[in-house]
Amino acid sequence: MLSALSVQTVALQGSRLAAAELEQRQLEDALASAAEQVASRLSGEHACLLPLASSAWITPVPGCGAGLDPGTLLSGRVGESDYRLVSWTPGLPGAAGPPGELRLELSQGAVQRLYALELAGEAPQPLHVAGLRGMGR
């Protein structure tokens, strides 16, 4: 009887571990989707924000159109998850330049991830995001 209880305990622990791993993967997927969403916006109408740190995104933003609201980049929703932009540190365009660093956080679990955004373009054309990759916590 004792060994049957041990087997049952091990099975329950395995189920809990599998559920925790699945939840962690779902959170990481949500953050990756959020990073793609932010990168897409930064390559579009918000491209004027790429050369500026997120701490400088105060309306009106120098170099951006008068009606541009950077607040739409500061938080959002992907699927069932809300996220917020913790910080954006600009990088330099081109393969030789350091990438920009985008830090995002899911509001439901305070899980954060850092993403590298490879930038491309040069004046007079605006910068755009050429690539996105996860960099860990």
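How much of the accessible surface of the chain belongs to carbon and sulfur atoms? The share is 57%, out of an accessible surface of about 8100 Å². The model shown in these views is predicted.

**Figure 1. The chain as a whole, with two helices and five strands.** Along the sequence, the elements follow the pattern α-α-β-β-β-β-β. The helices are H1, residues 2-43, and H2, residues 71-74. The chain has 137 residues, and 31% of them are buried. Among contacts with a separation of 6 or more, 45% are between residues 24 or more positions apart.

**Figure 2. The largest nonpolar core, a set of 28 residues.** The members that touch the most other members are Val 38, Leu 42, Leu 49, Trp 88, Leu 102, Leu 104 and Leu 117. Two or more residues of this core come from each of H1, strand S2 (81-89), strand S3 (100-106) and strand S4 (111-120). H1 gives the largest share, eight residues.

**Figure 3. Leu 102 and the residues around it.** Leu 102 belongs to the largest nonpolar core and is one of the residues there that touch the most other members. Neighbours within four places in sequence are left aside in this view. With that limit, Leu 102 is in contact with Ala 35, Val 38, Leu 85, Ser 87 and Trp 88, and also with Arg 113, Leu 114, Tyr 115 and Leu 117. Val 38, Trp 88 and Leu 117 are also listed with Leu 102 among the core residues that touch the most other members.

**Figure 4. His 46, a residue in the loop between H1 and H2.** Is His 46 buried or exposed? His 46 counts as buried because its relative accessible area is 5%, and the cut-off for buried is under 20%. Not counting residues up to four places away in sequence, His 46 touches Arg 41, Leu 68, Asp 69, Pro 70, Thr 72 and Leu 73. One of these, Pro 70, is 24 residues from His 46 in sequence, and the two C-alpha atoms are 7.5 Å apart in space.

**Figure 5. The disulfide between Cys 48 and Cys 64.** The structure holds one disulfide. The sulfur atoms of Cys 48 and Cys 64 are 2.0 Å apart. The link is right-handed, with 115° about the S-S bond. Cys 48 and Cys 64 are 16 residues apart, and each lies in the loop between H1 and H2. Cys 64 counts as buried because its relative accessibility is 15%, which is under the 20% cut-off. Cys 48 has a relative accessible area of 22%, and so it is partly exposed.

Figure 6. Ser 54 is found in the loop between H1 and H2. Ser 54 is buried because its relative accessible area is 16%, and buried means under 20%. A polar atom of the Ser 54 side chain lies 2.9 Å from the backbone nitrogen of Trp 88.

**Figure 7. The cis peptide bond from Thr 59 to Pro 60.** What is the omega angle of this peptide bond? Omega is near -5° for the bond from Thr 59 to Pro 60. Pro 60 is found in the loop between H1 and H2.

**Figure 8. The hairpin of S1 and S2.** Strand S1 covers residues 75-78 and pairs with S2 in the antiparallel sense. How many bridges join S1 and S2? The pairing runs over four bridges. Ser 75 has Arg 84 in S2 as its bridge partner, and Gly 76 stands opposite Tyr 83 in S2. Two residues lie between the strands of this hairpin, and Gly 79 takes a positive phi near 60°.

**Figure 9. The pairing of S2 with S3.** S2 and S3 are antiparallel and pair over six bridges. Arg 84 stands opposite Glu 105 in S3. Arg 84 is also the bridge partner of Ser 75.

Conventions. Residues are numbered from 1 along each chain as its sequence is written. This is a predicted model: local features need pLDDT of at least 70, side-chain atom pairs count only at pLDDT 80 or more; totals for chains, interfaces and linings use all residues. Side-chain values use heavy atoms; hydrogens and water are left out. Buried means under 20% relative accessible area, exposed over 50%, partly exposed in between (1.4 Å probe, protein chains only). Contact means heavy atoms within 4.5 Å. Accessible areas come from the Shrake-Rupley method with a 1.4 Å probe; for residues, only the protein chains shown count as cover. A nonpolar core is a set of buried Ala, Val, Leu, Ile, Met, Phe, Trp, Tyr and Cys residues joined through side-chain atoms within 4.5 Å. Two strands pair if DSSP finds at least two bridges between them. A disulfide is a pair of cysteine sulfur atoms within 2.5 Å. A polar contact is a pair of N or O atoms within 3.5 Å; within protein, one must be able to donate a hydrogen and the other to accept it, and residues adjacent in sequence count only if both atoms are side-chain atoms.
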